[in-house]
Amino acid sequence: MIKPEELKLATQWLHALRSEIGKAVVGQAQAVEQMLVAVVASGHVLVEGVPGLGKTLLARALTQALRLQYARVQFTPDLMPADVIGHSVLDDTGAGLGRLRVRQGPVFTNLLLADEINRAPAKTQSALLEVMQEYQATLEGQTLPLPRPFIVMATQNPVDTEGTYPLPEAQLDRFLLHVRIGYPTHEEEAAVVQLVTTGRAGHELPLEAVQPVLDDVQVLELQRLSGQVLADEKVIDYAVRVVRATRNWPGLEVGAGPRASVALVRTARAMALINGRDFITPDDVAAQALAVLRHRVTMAPDAQIEGRDIDELLQAALDSVEAPRL
């Protein structure tokens, strides 16, 4: 049970966090909200969008507002697992002369931006499986825990698919959310141009106004509170029915598994906390359904030939499930 003063404080923290991110990221309200959901629910995010829509800026702004460690890895076809996890080197200095010394890779951070993750081969992609699921990495037989909180924000370009390696279903399932970033409105794009081109060089991101408002201890407290948000049995049943509807829906060849039901309730709890409530509603479940499910289902070949969109099919399945009245 969340105490009233804890709920009030959490709401203030999240409002301040959203405000600071908004100083650098113009528009993209849904993407920003879903990143907050991932932070509160302690989950990883796969962000899909064409280049130039602010995916890296969103990750940098979030990290700066949270006062967290940040690392970026540009995934390429020649990237090796050791480039991500780390490796051993021969120590040729000091008292450790001649011994192997473990050099930790960029995954040992709080927020890891895996840019264009689908450009690396499967061997390198799979290096993140243990990291994302168990929050640890194995180096030279040593199991090393990762800093907490730990969040992977991976990006992929949906248009340029030449020379890419589609993520396997096992790895896709490790992402809590699959976020799609679309083009901004005319007004938002004009505001972006004004913000980015005024008083700064071309390589500079508009991050100087973003101030740190939360630290790692506060983020972990938000994640703890999220787990205490009340979930009525009827709402949990609704979330399960939504996921199960994908398993025999026309146009979907493979439906979502039980991990999707867990993710749906986790994100609904985070959404409720962001909105200042200590209980979830069917609307919280419905609001996160597409982002939770779109990477966990597979379209049937005939639906692909007809040019159907995965979100269209999922929305129809969601609409077919009757929400409970509380």
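This is a predicted model: local features need pLDDT of at least 70, side-chain atom pairs count only at pLDDT 80 or more; totals for chains, interfaces and linings use all residues.
**Salt bridges**

Side chains of opposite charge can pair when their charged atoms come close. The model holds 15 salt bridges. Three of these pairs are listed below with the separation between nitrogen and oxygen.

| Pair | N to O distance |
|---|---|
| D173 and R296 | 2.7 Å |
| R308 and E312 | 3.0 Å |
| E306 and R308 | 3.9 Å |

The salt bridge between D173 and R296 links distant parts of the chain, its two residues being 123 residues apart. D173 lies in the loop between α7 (169–172) and β9 (177–180), while R296 belongs to the loop between α12 (282–293) and β11 (298–299). R296 counts as buried because its relative accessibility is 9%, under the 20% limit for that class.

R308 takes part in a salt bridge with E306 and also in one with E312. The relative accessible area of R308 is 33%, so this residue is classed as partly exposed. E312 is likewise partly exposed, at 41%. E306, in contrast, is exposed, with a relative accessible area of 55%.

Salt bridges also join E48, R180, R294, D309 and D311 into a network.

**Nonpolar cores**

The largest nonpolar core comprises 78 residues, and the members that touch the most others within it are I21, L177, L273 and L293. Among the contributing elements, helix α11 (residues 258–274) gives the most to this core, supplying 10 residues. When residues up to four places away in sequence are set aside, I21 touches V32, L36, L58, A61, L62 and A65.

**The loop residue V25**

V25 is placed in the loop between α1 (4–22) and α2 (29–41). Apart from neighbours within four places in sequence, V25 is in contact with V32, L57, L58 and A61. The C-alpha atoms of V25 and K55 are separated by 9.5 Å, although the two residues stand 30 residues apart along the chain.

Definitions and conventions. Residues are numbered from 1 along each chain as its sequence is written. Side-chain values use heavy atoms; hydrogens and water are left out. A salt bridge is a side-chain nitrogen of Lys or Arg within 4 Å of a carboxyl oxygen of Asp or Glu. Helices (H or I, at least four residues) and strands (E, at least two) are DSSP runs, numbered from the N terminus. Buried means under 20% relative accessible area, exposed over 50%, partly exposed in between (1.4 Å probe, protein chains only). A nonpolar core is a set of buried Ala, Val, Leu, Ile, Met, Phe, Trp, Tyr and Cys residues joined through side-chain atoms within 4.5 Å. Contact means heavy atoms within 4.5 Å.
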